[in-house]
Structures are given as structure tokens and as C-alpha cells.
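Let's take a walk through this one together. Have the sequence and the 3D view open as you read.

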Number of protein chains: 2
Amino acid sequence: MSSPVSINYSALGERSQPPTIARLMTLMLENPKLLSLAAGFTDNQTLPVPAVQAAVTALAKRAGEPEYLQYGTNQGRPKLRALLADRLLSLETPPDADTVRKNFFVTNGSQQALYLAMQVLCDPGDIVLVDRPSYFVYLEMLVGLGVQARSMPVDADGRIDAAGLSALLETLRTRGELKRVKAVYFVSYFSNPSARSLDESEKNAIADVLTQAGVIVPVVEDAAYRELYYNQPHAARSVLSLPSWAAFPKLYLSTLTKPFASGLKVGYGTSSDSALLAKMLHVKGHHDFGTANYNQALFEQILSEGGLDAQLAVIRPGYQRKMRALHGALTAGGLPALGWSWAVPGGGLYLWLTAPAGLDTGMDSAFCHACVKAGVLYVPGDLCFGDDAPKNFIRLSFGVLNETDLIEAARRFVGVAKQFA
Amino acid sequence: MSSPVSINYSALGERSQPPTIARLMTLMLENPKLLSLAAGFTDNQTLPVPAVQAAVTALAKRAGEPEYLQYGTNQGRPKLRALLADRLLSLETPPDADTVRKNFFVTNGSQQALYLAMQVLCDPGDIVLVDRPSYFVYLEMLVGLGVQARSMPVDADGRIDAAGLSALLETLRTRGELKRVKAVYFVSYFSNPSARSLDESEKNAIADVLTQAGVIVPVVEDAAYRELYYNQPHAARSVLSLPSWAAFPKLYLSTLTKPFASGLKVGYGTSSDSALLAKMLHVKGHHDFGTANYNQALFEQILSEGGLDAQLAVIRPGYQRKMRALHGALTAGGLPALGWSWAVPGGGLYLWLTAPAGLDTGMDSAFCHACVKAGVLYVPGDLCFGDDAPKNFIRLSFGVLNETDLIEAARRFVGVAKQFA
């Protein structure tokens with residue numbers, strides 16, 4: 001029972017709406033036999049229970065005071081930040097490695113870093129340029145903050161369309177909106193939702209078009225899935241290292257949730273821009289004045305002992321097997337012959353399906369309802385577009401279900417697709 | 001090195017300033033021999049290492065999938081919420097216990113709950129009525145959000161002054177500002193910084209004056225130190241149970257950090273108002289979509305096994321001993337004879353000192369500089385006032401230092417006080 005008094009919410013309070021994920025979870029709860037290809041959860045079978053327990057035991061045996069159960073610092077534990085910086089600097093060699101190292105910070109998953117960045121960069125009505133498709137939780141956050149997402153145009157293969165982006169910026173200039181563009185955001189490795197990775201030429205194209213338009217705004221590169229490749233890493237360097245982005249304030253974000261354990265909720269990032277980092281940390285000081293110190297201490301132990309690489313050695317082939325199970329079952333079931341298409345990913349947790357043109361697969365579509373009725377749930381692709389959302393895309397996740405369930409879920413899904421063929 | 005480009009920060013970004021705590025920490029780093037009576041940290045010696053390790057081991061032995069290392073839910077683990085609700089409902093019996101139980105939620109320390117509440121309730125320029133003195137990290141958060149704090153007047157004993165509050169509301173009405181009052185906030189048990197507790201008559205007085213003025217706005221009761229009493233709990237019920245607050249939307253916040261381990265960063269709360277809770281959870285979905293599931297699972301285990309009560313049985317007399325060590329050394333050193341006064345607290349982590357009238361003890365005062373030079377650090381009391389801050393208060397924390405260091409810190413502090421007598 002709510003109070004009879006009507007509360008005067010803030011503008012943000014008024015804008016805040018139940019996230020789509022809540023609707024999907026409600027569907028799950030109401031239909032317990034549903035197999036979920038929607039949840040972006042990771043694999044329960046391979047969670048690193050012994051590694052966590054070993055880390056806890058090692059901490060307990062450590063000499064000295066158990067400061068790891070005490071408050072930590074707002075920016076994060078120095079040793080963890082150094083270990084994470086070492087790890088990034090083993091992947092690429094940014095020109096200003098000292099700043100990259102100094103500006104490492106730790107957050108409650110990379111989600112918090114995204115939120116802090118948008119809080120300090122954007123006012124309501126401002127614009128962020130986003131990839132197409134983009135991460136839907138991020139897009140819903142922008143809606144909550146009153147910020148407009150504008151998709152960077154892509155070609156038929158999903159590659160960044162430089163001419164299209166240039167035209168978009170020209171349109172914004174004509175409308176007097178160019179000065180409202182406050183940031184650029186993209187998921188660059190085995191993306192959620194598309195499973196695509198941006199190559200260096202695409203990242204360069206974005207930088208070049210923005211530079212030509214005089215739009216030198218902070219760039220946020222979301223590398224959450226960078227380490228979740230199956231056979232080899234995606235070779236592209238991040239914006240921290242690419243000369244085309246040298247003049248831009250840069251924020252590079254990633255996480256220890258997806259590659260190790262999402263239940264520990266530790267994300268991280270670094271910035272080329274100390275002033276931007278300082279602003280974000282001021283706000284983090286108000287959010288929580290520091291991510292759980294214990295979890296950070298566990299990760300110091302785990303990273304020092306090689307536990308992250310050991311876990312990755314388990315889950316990389318594990319996710320590849322699960323991807324192949326889902327991909328194989330959809331293919332064997334005959335989905336391509338019905339006009340559906342998707343790329344086989346080289347990493348990540350998702351298949352990004354293009355349905356036949358004209359088939360509406362949105363949340364309230366007949367197709368979606370038929371899938372729920374058949375016992376399979378997916379994320380409607382239209383949620384993953386900042387604007388001008390097509391209705392015929394679908395994100396399938398193979399993170400949670402085991403191979404047997406993935407095959408059954410695929411069977412149900414193809415069955416519905418046949419009804420709508 | 002920051003980029004040469006100047007970033008266009010949001011209004012919030014522009015308002016965000018380095019928190020005072022950062023200045024205090026810098027002072028500590030630059031003066032490693034300083035003894036800190038400033039940090040609100042808890043006691044390292046008594047941190048519950050074996051209890052945490054036992055909980056981890058119990059989780060690892062549990063049958064079934066290790067879902068606790070997986071993502072959890074935004075509102076928090078149902079079992080933990082039920083255990084926390086049981087605990088609160090053993091302390092008092094609110095009339096709508098079902099709603100209190102249903103609306104339990106888990107946050108990254110109670111700090112995040114405060115932030116979420118202010119985000120959804122207040123726009124820049126709005127007003128929150130706060131206790132006097134009040135929690136300084138909260139007050140700095142309000143500044144960051146552009147929200148004005150107005151102190152509820154108190155009498156010479158620090159008790160709520162109903163007539164003064166009524167006059168304040170009348171002044172706000174005259175100025176046309178009454179409609180900008182969006183919430184009321186107070187720390188009600190063994191407060192940070194004053195160590196005072198509000199009794200029921202004071203809480204009732206606030207409600208009555210607000211009701212008379214027609215200001216029925218959400219009340220936020222911060223009960224972070226409720227369980228940190230030394231000998232017996234403070235008997236007052238919370239706003240959830242007091243009939244005088246029945247018509248108000250109510251938010252009750254507390255934490256597992258202070259009574260167990262701040263490094264685990266788990267706070268909690270409940271609301272009488274489901275709509276308010278929903279708005280806060282929508283925004284939490286954007287902050288982080290859920291507090292670390294692992295930490296919540298640890299607390300389920302710890303609470304189920306009586307570990308919280310066992311820890312409290314250790315730290316209650318521990319903090320009382322440390323309080324007595326500091327209080328005793330200040331008294332024996334002769335501080336009262338110099339015109340200083342303070343109440344002996346019945347719980348919490350703080351002594352709240354009134355310096356002789358006219359002595360400036362602010363951050364940039366000669367007194368403060370002399371203390372740093374003498375090797376002792378404190379929190380200037382003027383930080384703890386929403387407005388009209390007097391300069392002659394000081395918060396001393398006995399949370400971190402051991403008894404020997406507390407006595408030495410007191411000796412240094414009294415030495416400086418004698419210089420300024």
C-alpha cells in the first residue's frame with residue numbers, strides 16, 4: 001500500500017520508468033517453463049567457486065590487519081588498479097601509458113562507470129552518438145537521464161558508414177543541435193547485442209568524421225567483452241592507442257564480471273583525461289565513496305595468482321561450445337531457409353538475428369507472444385537502437401542455458417518462425 | 001596529462017567538487033605520523049575474518065549451482081531481504097508490516113540509498129530539511145546535486161526546537177519557498193556526527209510541525225548506527241511505526257557495514273511507499289542493476305548463523321572501551337576546564353565537541369593547522385551543518401585507532417587546546 005500523499009518527484013524521478021528487463025523478468029516469473037535466450041547472464045556451471053574460496057583463504061592467512069574488510073578508497077585499491085593497468089598495457093601500448101596507468105579506477109561493474117560518465121557529461125536534452133545497434137541498458141539509462149541517443153549510421157554489413165555519419169553531423173549542425181553532442185559511445189569487442197567488433201579503420205573513421213566536423217567530445221569505449229573471445233583476440237587497439245583519437249578525451253571501460261564472476265560486481269576503467277576522471281570520482285564519492293573493498297581484494301589475489309586467465313581458459317571454449325549448440329540447432333532447424341540470417345561470432349555471449357524484412361519481432365508483437373507461448377524468450381532487437389529502430393532484429397543469449405536447453409530453446413524458436421514464415 | 005580539449009560538463013559535472021574527505025586524506029598522506037580522529041572507519045582489530053571465511057566455505061559446500069557468483073536482482077536477494085525485515089520487525093511493529101517487508105531493498109552501503117532517494121525526489125534548487133548537525137557526506141552530496149539543505153532548529157541541548165521549526169517553515173512560506181521543500185532527513189540513532197539519538201517526542205514534534213504547515217513530504221530516517229549501542233538500544237521507534245508520521249511517505253535506511261564489515265559494502269532500507277521505492281529502483285537499475293550478489297549471499301549466511309549478533313557482541317563493548325579511552329584522556333588532560341564540552345555517548349563512533357565560543361576550529365583555522373602540526377587530525381564541525389554553520393564544533397572518531405593511540409591523540413589534541421586557551 002502506498003501512502004495517499006502524491007510525491008513530487010524530480011525531473012529524473014518523473015522520467016524513471018520500469019526497465020524493459022523488468023518486463024522480461026516478469027514474463028519469466030509468470031512462465032516458469034520458459035527457456036530464456038534473453039538474459040545476459042553468464043554460465044552458472046563454470047563459475048569459479050574454488051578460485052574464490054582460495055582467494056578468501058589466502059586473504060585470511062595474510063599477515064597484518066584485515067584491512068580488506070574495512071572501507072577502501074573511492075578510486076579503488078592501488079594494487080588492483082596496477083594489476084588491471086598491467087593487463088591492459090599488455091594488450092596495447094598507448095602513447096601516454098603513465099596517464100592510463102595513473103587514471104585506472106574501479107566501479108560497481110562497468111555499468112556504474114557508464115552512469116557516472118553520463119552524469120558528468122550530459123544534461124537533459126543533450127545528445128550522445130551511439131553504435132547501431134547498441135547496449136540496451138545503456139540506451140535506457142540515457143532515456144532516464146533525459147539524454148538523446150543518435151545512432152551512427154552503418155552499412156548493410158553493420159560497418160560504420162563514414163559518409164552517413166558525416167551527413168548526420170551536418171543535419172545536426174543545420175538544426176543547431178551539433179553543440180548538444182556531448183559524447184560518443186560504442187561497444188567495440190564482441191558487442192552486446194551484435195557480437196560484432198569494430199576494426200581500427202571503423203574507429204578511425206568515426207574519429208576522422210568527428211574531427212572534420214569539429215566535434216571533439218569525450219569518447220566512451222565499452223570493452224566489456226574484449227577478453228571473451230573464443231580462439232583469438234580481436235586485433236584492434238582501443239581509442240587509447242589510436243592516433244586518430246589523440247585529440248579526444250577518452251574513457252575506456254571494462255569489467256571483471258563477464259570474464260570471471262558477475263556476482264562480484266567489479267568493473268574498471270581508465271581515462272586519458274584526468275579532469276574527466278576527477279569529476280566522475282567526485283560523483284562516485286556521493287554514490288558510494290568506493291566499490292566494496294573486499295571484492296577488490298579478492299580480485300587482487302585472483303589476478304596475482306593467474307586465476308582470471310585460468311577462468312578464461314575454461315569459459316572461452318565453454319561459450320564457444322554453447323554458441324555452436326545454439327547456432328547449430330537454429331541452422332539445422334531450417335531458420336536460414338526461412339529468410340533469417342546472422343553472423344557466427346568470434347566471441348561474446350550473443351547471436352544477433354535479422355528476421356525477414358516485414359516480420360515484427362518487437363516486445364508486443366504476435367511473434368514475441370507466440371515465442372512466450374512456445375516457451376522461449378528473447379530480447380527484441382528494437383530495444384537496442386538509439387533511434388529509428390527497425391522491428392526485425394532479435395538478440396539471443398547463450399550465456400545461461402546449458403547445451404541441451406539451448407537446443408530445445410532453438411527448436412521452439414524455429415517452430416514459431418515457421419508459423420510466421 | 002589531460003587532453004588540451006576543454007570538456008563541456010553537465011550542470012552536475014560543473015557542481016561536482018573534490019569532497020572534504022579527500023582534503024583530509026591528503027593531509028593524512030602528507031603527514032604519515034598523524035593520528036586520525038577524523039576517519040569514520042571502523043575498528044580493524046575486530047573485523048570478522050573467521051565469520052566471513054566460514055560463510056564463504058558454507059556457500060561453496062552448498063548443493064546446486066553457485067548462483068551467488070552470478071548476477072542477482074536489482075532489489076536484492078529475497079532471502080536476505082526477508083532476514084533483514086525479520087530483524088527490523090523484531091525491534092518495532094509498524095502498522096503496515098507487510099509493506100515494510102515487501103519493500104525491503106539492498107544497496108551499495110546506505111550511501112547509495114541516500115543518493116537514489118535524493119535523485120528521484122529533488123531537482124536543483126529544491127530544499128531538504130536536515131538535522132542539526134547532520135551527516136557531512138550527505139550534505140556534500142546535496143551540494144553536488146544542487147539541492148539546498150536547511151537545518152531544523154535545535155535548542156541548547158541539541159533537541160529539536162518545534163517552535164523554531166515552525167518559524168522556519170513560516171519564513172519559507174513567506175518567501176514562496178515552501179513548495180521547494182521535498183524531503184526531511186535525519187540520523188536518528190547515535191548520530192554521525194553528534195552521537196545523539198532522537199527520542200520519539202522529537203520525531204513526533206517534527207511530524208506535527210510539518211503537518212500543521214501542510215508539508216507532507218517524504219521523510220528519510222538514517223538509522224545507520226541503530227545497532228551500535230553499547231549497553232542498551234535507544235528505545236525510540238522509527239518513523240515507520242510512529243502514528244505522527246502515518247500520512248508521510250517514509251524511507252528507513254540502515255547498513256550492514258558499520259555493525260559487521262564496511263569492506264562488504266551492503267546497505268539496506270525499506271519504504272512505506274511502493275511508488276517511491278519503484279522510482280529509486282528504476283534509477284538503481286541504471287546505476288548498477290543490483291548490488292554484488294556474492295556479498296548479499298554472504299550476509300544471508302552470516303545472518304542465518306547468528307554471525308551479525310556475534311560480531312555485535314564483540315564490537316559493542318569494544319567501541320565503548322575505545323570511547324572511554326578517548327573521553328577519559330580528554331577529560332584527564334583537562335579539556336573541560338578549558339571550556340570544552342561534550343556528551344558521553346551511549347553508542348556510535350563519535351564524540352561531538354563544543355569548543356569555547358569564539359574559537360574557530362574550521363578546516364583553515366589556526367587551531368586546525370596547529371593540530372596537524374601536533375600530529376592529530378579531526379573533522380571540523382562546520383562541515384556538518386546544512387546552513388548557518390558555527391565554527392566551534394569538532395567531530396572526533398574513535399573507530400580506527402587503538403586505545404594506546406587514542407590516548408596519545410587525545411594528549412596531542414589537549415596540548416593544542418591549551419595553546420589556544
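This is a predicted model: local features need pLDDT of at least 70, side-chain atom pairs count only at pLDDT 80 or more; totals for chains, interfaces and linings use all residues.

Leaving aside its neighbours within four places in sequence, which residues is B:Asn103 in contact with? They are B:Gln75, B:Gly269, B:Thr270, B:Ser271, B:Ser272, B:Asp273, B:Ser274 and B:Leu277, where contact means heavy atoms within 4.5 Å.

Residues are numbered from 1 along each chain as its sequence is written, chains are lettered from A and ligands numbered from 1 in the order in which they are written, and side-chain values use heavy atoms, with hydrogens and water left out.

**Back to B:Asn103**

You'll find B:Asn103 in the loop between helix 5 (97-102) and strand 2 (105-107) of chain B; helices (H or I, at least four residues) and strands (E, at least two) are DSSP runs, numbered from the N terminus. Its relative accessibility is 3%, so B:Asn103 counts as buried. Here buried means under 20% relative accessible area, exposed over 50%, and partly exposed in between (1.4 Å probe, protein chains only). The B:Asn103 side chain makes polar contacts with the side chains of B:Lys102 at 3.3 Å and B:Ser274 at 3.2 Å. A polar contact is a pair of N or O atoms within 3.5 Å; within protein, one must be able to donate a hydrogen and the other to accept it, and residues adjacent in sequence count only if both atoms are side-chain atoms.

**Salt bridges**

A search of the whole structure turns up 46 salt bridges over all chains, each a side-chain nitrogen of Lys or Arg within 4 Å of a carboxyl oxygen of Asp or Glu. Here are some from chain B:

| Pair | N to O distance |
|---|---|
| B:Asp309 and B:Arg87 | 2.8 Å |
| B:Arg180 and B:Asp126 | 2.6 Å |
| B:Asp126 and B:Lys182 | 2.9 Å |

B:Asp309 sits in helix 12 (residues 307-333) of chain B and B:Arg87 in helix 4 (residues 78-91) of chain B, 222 residues apart. B:Asp309 is partly exposed at 43% relative accessibility, whereas B:Arg87 is buried at 16%. As for B:Asp126, its relative accessible area is 1%, and B:Lys182 is buried too. B:Arg180 is partly exposed, at 30% relative accessibility.

**Where the chains meet**

88 residues of chain A are in contact with 88 residues of chain B. The two chains bury about 7,400 Å² between them, 57% of it on carbon and sulfur atoms; buried area is the accessible area (1.4 Å probe) that two parts lose on being put together, summed over both. In chain A, A:Leu69, A:Tyr71 and A:His286 lose the most area to chain B, together 11% of what that side buries.

**Helix 11 of chain A**

Eleven of the twelve residues of helix 11 of chain A are buried, so this helix is largely enclosed by the rest of the structure. What covers those buried residues includes helix 12 (307-333) of chain A and helix 11 (293-304) of chain B. After helix 11 of chain A comes A:Gly306, with a positive phi near 80 degrees.
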